[in-house]
Amino acid sequence: MTVPDFRRANFNLCTENPFRLTPPAAQANPNVTSNGDNANAASATSEHSAQYKSTQQNYPDPSFSDIFSAFSEALTQRKAQGLAFLELTNSELMLIKKSFFVTVFACLAAFAVGTVCWLILNIAIGAILHSVGVSYVVVPLLLLVLNSVAAFCLFKLAQNAFNYLSFSRLIQTWRRVFG
C-alpha cells in the first residue's frame, strides 16, 4: 500500500458543473444515468474513462523509511524547539533571581550606609540649631518633621522600584510562545 503525498497534489478544474444534484448511485456507477436511460451508457463509460485518465494524477510513492525519517526529523525539530524554550525560561528565571538578590543586597548596604550618614546629619543639624539658640523642645520636633518627609520620599522611591521586580517579562515570553 502506498501513501499519497498530498503536499504535491495538483488540482485541475472540471468542466462539469460541480454544484449539480446527482443521486449517489449515479455518482458511483457512471453507466446509470439520472433519468434511467441506458442507451448512451457505452459512450458515457468511454467518455468517463477518457476524462478519468486525463485528470488522473501521478502521486509519489514514498517508502516507509522516507516517512519514518520525516517523522524523526519533525520530532527532532520539536524537541530542539522545546529545549530552546526551556533555556529561554531558565535564563529569564536566573535574571529574576540575580536581580532579586542584587536588589536586596543593595538595599541592605544602602540602609546601613544611609543610617550612619543620617545619624551624623541629624546630629549636625541638631548642633547647628542649638548653637543658633533654638529651644531644646523645638530641635527634636524639627528633626522629626525633616525625617518624616525624607522617609515618605524614600518610601515612594522604593515603591516605584519594587514595580520593576516582577515576573512580567517571563509571562510575556510565555504568552508569545503559547498564545
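Mentor: Let us begin with F100, which is partly exposed because its relative accessible area of 40% lies between the limits, buried being under 20% and exposed over 50% (1.4 Å probe, protein chains only). This is a predicted model, in which local features need pLDDT of at least 70 and side-chain atom pairs count only at pLDDT 80 or more, while totals for chains, interfaces and linings use all residues. Residues are numbered from 1 along each chain as its sequence is written, and side-chain values use heavy atoms, leaving out hydrogens and water.

Trainee: What makes F101 exposed?

Mentor: F101 has a relative accessible area of 52%, so F101 is called exposed.

Trainee: How many aromatic pairs does the structure hold?

Mentor: It holds three, where rings of Phe, Tyr and Trp (its six-membered ring) pair if their centres lie within 6.5 Å, and planes under 30 degrees apart count as stacked, over 60 as edge-to-face and the rest as tilted.

Trainee: Why is the pair of F64 and F68 called stacked?

Mentor: The ring centres of F64 and F68 are 6.2 Å apart and their planes stand at 20°, so the pair is stacked.

Trainee: Where do F64 and F68 sit relative to each other in helix 3?

Mentor: They are four residues apart in helix 3 (residues 64-132), and therefore separated by about one helical turn; a helix here is a DSSP run (H or I, at least four residues), numbered from the N terminus.

Trainee: Is F64 buried or exposed?

Mentor: F64 is exposed, because its relative accessible area is 68%, and F68 also counts as exposed, at 51%.

Technical notes
Helix = DSSP H or I, 4+ residues; strand = E, 2+ residues; numbered from the N terminus.
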